[in-house]
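Me: Hi, could you walk me through this one? I'd like to go over it in plain words.

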Amino acid sequence: MAFPIPSPRSKNLTNEPIDIDAVMNHPRRVQALRGVVEKVHDGIAPLIDASRPYVRGLENLPADGRFLLVGNHTQFVTSEVLLIPHYVRRAIGTRVRPLADRRFGQQPGFARDLMTAYGAVIGSPETARELMRHNETILVFPGGGREIPKFKGEEYQLNWHGRSGFARIAAENDYPIVPVGLVGGDDIYKSLVTRDSAVGRLMQEISTRLTGETDMAMPLMRGVGPTLIPRPQRMYLQFGEPIVTTKPEGTTAEKWVETVRNDTKQALETILADLLAIRADDPFRELNPLARNNAVA
């Protein structure tokens with residue numbers, strides 16, 4: 001699942017107008033499904049706790065829930081999409097609203113209803129503004145789907161391609177940005193080849209022919225041994241200090257958007273570097289039960 005905010009010139013992949021009212025007012029079937037999703041989410045909390053994710057920075061979350069979370073995608077995208085909303089809800093009691101790619105609108109009925117019940121909305125400037133007007137807690141991954149498939153050596157690298165839509169919308173609405181980094185998801189599967197290898201170039205060529213996008217090429221990966229069984233990995237999650245987006249006097253709008261974007265990217269890269277350093281010294285990084293009592297706290 002990818003959650004980028006497209007630029008104003010992005011093609012609307014659904015070829016349908018966005019129903020702004022539906023952002024906040026869901027039909028009854030979705031409201032009922034939301035209740036089920038929340039119960040399931042609460043039910044798996046003990047399983048999440050059992051794996052002892054390393055979490056810090058919860059005190060940085062504004063208590064009023066009025067902020068934009070900006071995170072990194074990993075190859076095991078479920079990790080960040082599950083853990084970030086989970087810990088925000090536990091810390092301040094608010095539901096996180098992920099901004100989804102416009103292809104979200106092409107999902108079949110139940111799949112789309114399920115994503116909507118989870119809080120996801122199409123990531124357009126219009127829907128982002130509507131959520132901010134209601135002081136919602138919002139989550140975006142500027143790298144989008146292109147940040148998920150990583151070749152060998154690309155783990156935990158941000159792949160934003162100059163995207164700054166999130167910074168522009170946040171600045172327009174004086175919405176604080178909270179960078180949030182996750183480490184662990186890129187190690188559940190190991191990429192076997194580099195992007196510039198013969199196999200890597202072949203995979204990119206296949207991706208270009210199928211999707212028209214080189215960046216969506218899937219690398220060869222393995223899990224446990226030579227299989228695709230996921231490798232057990234502890235997750236490391238950190239919420240950074242809020243970044244103020246209110247434009248100073250005398251600064252142009254475009255210059256300020258660039259500043260907010262760069263500050264957010266730098267803060268997130270610092271978080272990822274810190275988490276990688278913490279994980280390097282953690283004997284419980286691969287969830288070995290024998291090392292549980294010595295896990296980095």
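**A chat about the model**

Reply: Happy to. Let's start with Gln-233, which is buried, with a relative accessible area of 8% (buried means under 20% relative accessible area, exposed over 50%, partly exposed in between, with a 1.4 Å probe and protein chains only).

Me: Before we go on, what sort of model is this, and how are residues numbered?

Reply: This is a predicted model, where local features need pLDDT of at least 70, side-chain atom pairs count only at pLDDT 80 or more, and totals for chains, interfaces and linings use all residues. Residues are numbered from 1 along each chain as its sequence is written, and side-chain values use heavy atoms, with hydrogens and water left out.

Me: Thanks! Where is Gln-233?

Reply: Gln-233 sits in the loop between strand S8 (221-222) and strand S9 (236-239). Helices (H or I, at least four residues) and strands (E, at least two) are DSSP runs, numbered from the N terminus.

Me: And which residues is Gln-233 in contact with?

Reply: Leaving aside neighbours within four places in sequence, Gln-233 is in contact with Gly-184, Asp-187, Ile-188, Arg-279, Arg-285, Glu-286 and Leu-287. Contact means heavy atoms within 4.5 Å.

Me: Switching to Val-88: is it buried or exposed?

Reply: Val-88 is buried, with a relative accessible area of 0%. Val-88 lies in helix H4, residues 78-92.

Me: What does Val-88 touch?

Reply: Not counting residues up to four places away in sequence, its contacts include Leu-61, Phe-67, Leu-69, Thr-137 and Phe-239. Val-88 and Leu-61 are 27 residues apart in sequence, and 7.8 Å apart in space, C-alpha to C-alpha.

Me: Zooming out, how many helices and strands does the chain have?

Reply: The chain has 9 helices and 9 strands. Its radius of gyration is 19 Å, close to the 19 Å that the globule rule gives for 297 residues, so the chain is as compact as a globular protein of that length. That radius is taken over C-alpha atoms, and the globule rule is 2.2 Å times the number of residues to the power 0.38.

Me: How much of the chain is buried?

Reply: Buried residues make up 48% of the 297 residues.

Me: Last one: what is the mean pLDDT?

Reply: The mean pLDDT of the chain is 88, and 90% of its residues reach 70 or more. Over residues 1-17, though, the pLDDT is below 50. pLDDT is the predictor's confidence in each residue, from 0 to 100.
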